[in-house]
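I opened the model to look up two things.

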Amino acid sequence: MENEILRIEGAIKRFGGLLAVDGCSLSVQEGTIVGLIGPNGAGKSTLFDLISGFVRPDAGSIIFSGKQIGGLPAYRIARLGLVRTFQIPRALMRMTVLENMMLGSQNQTGEMIFRPILSWGRVQAQERSIEKKAEEILKFFDLLRMKDEYAGSMSGGQKKMLEMARALMADPRLLLLDEPFSGVNPALSERLIERIKMLREKGLTIMIIEHAIPYVLALSDELYVLNKGAILANGRPDQVISDPKVFEAYLGVGFDAQH
Ligand SMILES: Nc1ncnc2c1ncn2[C@@H]1O[C@H](COP(=O)(O)OP(=O)(O)O)[C@@H](O)[C@H]1O
Ligand SMILES: [Mg+2]
C-alpha cells in the first residue's frame with residue numbers, strides 16, 4: 001500500500017521450545033496510531049523487540065519504509081527512524097533528566113572517536129543545539145523544570161514520560177510505545193493521551209501496546225489483537241473490542257494489568 005510504513009509478514013521467534021511470536025503479520029499506515037493488545041504472554045513485547053532489533057527473528061520479513069530491517073541491530077534500525085520505549089523505563093537514575101535526554105540523540109559529532117581537534121568549536125555548537133532540542137521536548141512533556149534533577153528522583157509516571165521524551169530525541173518516524181500508561185496516574189495519563197495525539201498530528205506514526213482499553217480506544221486508529229504469538233483479530237478498535245473471539249482469548253488467561 002502507498003502509505004504503508006511498516007509491514008510484517010510471517011514473523012517467528014522461538015525461545016527454546018516456546019514459540020513467543022508464531023507467524024505474525026501486520027501492516028501499519030503512515031501517520032496513524034496502531035494499538036496492539038492481547039493477554040499476558042501473548043508475545044507483544046517480543047514483537048516490539050523483533051521490530052526494533054533488540055531480538056533477531058527466526059523467520060519472516062519486517063519491512064520499514066520499503067527496507068528489509070529484520071535482523072538488523074537496534075542502533076541501525078534507530079538510525080533509519082524506528083525507535084521504541086520499554087515496558088520498564090530505562091532511564092539512568094544517577095544522571096540528570098537532561099543528561100538522559102542527551103543520550104537519546106543520534107548522529108552527534110561528539111560521539112565520533114576520531115575527530116580532528118580543530119572541529120572542537122563545531123562539536124560545542126552541535127551540543128548546544130542538541131541541548132536546545134532536549135529542552136524543547138522536555139517542555140512538550142511539562143518536564144523542563146526537572147531537567148537538572150536526577151532521573152531517579154522522578155515519579156513512576158514521570159519516568160515513563162522521560163522514556164518517551166528520550167525516544168523523540170532520535171527523530172523517529174515510527175515510535176513503538178510498550179505500555180506507556182502502566183504505573184501512570186489518571187491525571188498524568190490524560191496529559192499523555194493529549195501529547196500522543198499531538199505527535200500524530202505532527203506526522204509521527206505510533207504503535208502502542210496497552211492494557212487499559214479506554215486509553216487504547218481513545219488513541220488507536222486501528223487495533224490488532226495478538227494471542228499466542230499470532231494476530232487473532234484486527235480492524236476498527238470498537239469493532240475489534242466487541243469481537244467474541246477476542247473476549248474469549250482474554251478469558252482463557254484472565255485480565256491482568258500487570259504486564
Ligand atoms: N528473553 C526471553 N527468553 C525466554 N522467554 C521469553 C523471553 N522473552 C519473552 N519470553 C516469553 O515469551 C512469551 C511472550 O512474552 P512477551 O512478549 O513478553 O509477552 P507480552 O508482552 O505479550 O506479555 C512469554 O511466554 C515469555 O515468558
Ligand atoms: Mg509485554
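How do the residues of the shell around ligand 1 divide into nonpolar, polar and charged? I get four nonpolar, seven polar and one charged. Ala, Val, Leu, Ile, Met, Phe, Trp, Tyr, Cys and Pro count as nonpolar, Asp, Glu, Lys and Arg as charged, and the others, Gly among them, as polar.

A note on the source: this is a predicted model, where local features need pLDDT of at least 70, side-chain atom pairs count only at pLDDT 80 or more, and totals for chains, interfaces and linings use all residues. Residues are numbered from 1 along each chain as its sequence is written, while chains are lettered from A and ligands numbered from 1 in the order in which they are written.

I counted 12 residues around ligand 1 (C-beta, placed from the backbone, within 6 Å of it). The closest are Phe15, Ala20, Lys44, Ser45 and Thr46. Strand S2 (18–29) and helix H1 (44–52) each give at least two shell residues. H1 has the largest share, three residues. Helices (H or I, at least four residues) and strands (E, at least two) are DSSP runs, numbered from the N terminus.

Next, the sheet. I read an open sheet of six strands with mixed pairing, in the order S6-S7-S8-S3-S9-S10. Pairing takes at least two DSSP bridges between two strands. S6 (82–84) and S10 (230–235) are the edge strands, each pairing on one side only. S6 and S7 (residues 174–178) run parallel, joined by three bridges. Leu82 has Leu174 of S7 as its bridge partner.
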